[in-house]
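Student: Please walk me through this structure, step by step. I'd like to start with the words I'll need.

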Amino acid sequence: MQFIDLKAQQTRIREKIETNIKKVLDHGNYIMGPEINQIEELLAHFVGTKYAISVASGTDALLMPLMAHEIGRGDAVFTTPFTFIATAEVIQLLGATPVFADILPDTYNIDPEKLEITIKKTIAEGKLKPKAIIPVDLFGQAADYDEIHAIAAKYDLLVLQDAAQSFGAAYKGKKTCANGHVAGTSFFPAKPLGAYGDGGMIFTNDSQMMEKLVSIRIHGKGSDKYDNIRIGINGRMDTMQAAILLAKMEIFPEEINLRQEKAQYYSNGLKNSVTVPVIRDYNVSAWAQYSILHPQRERVMNALKEQGIPTAVYYPLSLHLQGAFKHLPYQAGDFPISESISQQIFSIPMHPYLKKEEQDKIIQVINSVNG
Ligand SMILES: *Cc1c(COP(=O)(O)O)cnc(C)c1O
């Protein structure tokens, strides 16, 4: 059994993918070819933002808006300790300081109350200048943007939505990637909308932000490539990935619906034996992961493994306890919810093409461990 079955999807759209790849081979514009513009327009329309800027990865999709906002040494950027390393890594890369606030115990997204307490504390200490918040839409469910924006407005902070796991999801009727001042998503192959290589996209309605991002994406270009008005990066997505994403978008809305069905089926079957995901009634998750809690997860994961069923742990160690951040003033016990969840959580196979028999088997094995 596959944790994420990319083959089943490919079988459905193989012809379209080959046609699109062939077009790129024919025109030969491997960098910034016509498909780049096409996927940017398609996804801006899908999400409902004015602008979409394709980039080389989800990591660059977070790094570049911070660069555009001129975040650097002495600045505080607030985020969750329960996320993939990239979320906080980009803050540190620019010399700024990641400042963590603990998560909610049910959605595992940043807790707005704790966020505000942390901002106040940072201001009171007077060492760092609060500049931005990076909420993460963990496992595909949007963070609490109304509450987060209310706080951001109070302290004049940029909201950069880490939507790497939530492309295709919705928050209060609005597509994710349209919920921050700016948002970044990832097309890493295993994400809800995955390419066949690295890629990402930044979304915003802010024309100044857009213009800076377009410049940063090509080494800080001005009027042309050899006029450099700021420090940028090589942040381009290649044309081939855009061609593949165009093919995948034809079935993507249907896949998001299929993910709802698979998740519902899991939750119905598992809710009496493990803690199943909690999705707010105003949220639609993209179900990047289906993650459950069990106080003895090793037992359950081993039982699944014996039946050839793969599992994964996202995330085994909170970021404040990672070696990469040992220079930050944190210690075990600082973020008790995040630490406790990281010891109980694990994810089971999740993709739009799960078979009923596969789900039944997984449910049966998990429920039997409890008996
Ligand atoms: C995957 C991921 C990223 C980084 O995306 P890449 O395309 O791998 O660079 C950032 N944040 C979160 C939460 C992710 O899951």
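Tutor: Two strands pair if DSSP finds at least two bridges between them. Strands are DSSP runs of E with at least two residues, helices are runs of H or I with at least four, and both are numbered from the N terminus. This is a predicted model, where local features need pLDDT of at least 70 and side-chain atom pairs count only at pLDDT 80 or more, while totals for chains, interfaces and linings use all residues. Residues are numbered from 1 along each chain as its sequence is written, and side-chain values use heavy atoms, leaving out hydrogens and water.

Student: Okay, pairing first. In which sense do S1 and S9 pair?

Tutor: Look at Val-55, whose bridge partner in S9 is Gly-200. Five bridges link S1 and S9, and the sense of that pairing is antiparallel.

Student: And which residue of S9 is the bridge partner of Ser-186?

Tutor: S9 also pairs with strand S8 (residues 182–186), again over five bridges and in the antiparallel sense. Follow Ser-186 across to S9 and you land on its bridge partner, Gly-200.

Student: Is strand S9 buried or exposed, and how many of its residues count?

Tutor: Buried means under 20% relative accessible area, exposed means over 50%, and partly exposed is in between (1.4 Å probe, protein chains only). Gly-200, Ile-202 and Thr-204 point one way from S9, Met-201 and Phe-203 point the other way, and all are buried. So S9 (residues 200–204) is largely enclosed by the rest of the structure, and the buried count is five of the five.

Student: Zooming out, which strands stand at the edges of the seven-strand sheet?

Tutor: That sheet is open, with mixed pairing and the order S1-S9-S8-S5-S4-S2-S3. A strand at an edge has a single partner, so one of its sides has no neighbour in the sheet, and that is the case for S1 (51–55) and S3 (97–100).

Student: Which residue in S5 is the bridge partner of Ala-132?

Tutor: Strand S4 (residues 129–134) and strand S5 (residues 158–162) run parallel, joined by two bridges. Across from Ala-132, the partner in S5 is Leu-158.

Student: Why does Leu-158 count as buried?

Tutor: Leu-158 lies in strand S5. It has contacts (heavy atoms within 4.5 Å), and apart from residues up to four places away in sequence, Leu-158 touches His-69, Lys-131, Ala-132, Ile-133, His-181, Val-182 and Met-209. Leu-158 counts as buried because its relative accessibility is 8%.

Student: At about what angle does helix H4 run to S3?

Tutor: In H4, Ala-86, Thr-87, Ala-88, Val-90 and Ile-91 are buried. The buried residues of H4 pack against helix H3 (58–68), S2, S3, S4 and S5. H4 (residues 85–93) lies across strands S2 (75–79), S3, S4 and S5, and its angle to S3 is about 140°.

Student: Last one: what is the omega of the cis peptide bond between Tyr-314 and Tyr-315?

Tutor: Tyr-315 has its place in the loop between helix H10 (297–306) and helix H11 (336–344). The cis bond joining Tyr-314 to Tyr-315 has an omega of about 5°.

Definitions and conventions
Axes fitted to C-alpha atoms, helices over the stretch in contact; angles between N-to-C directions.
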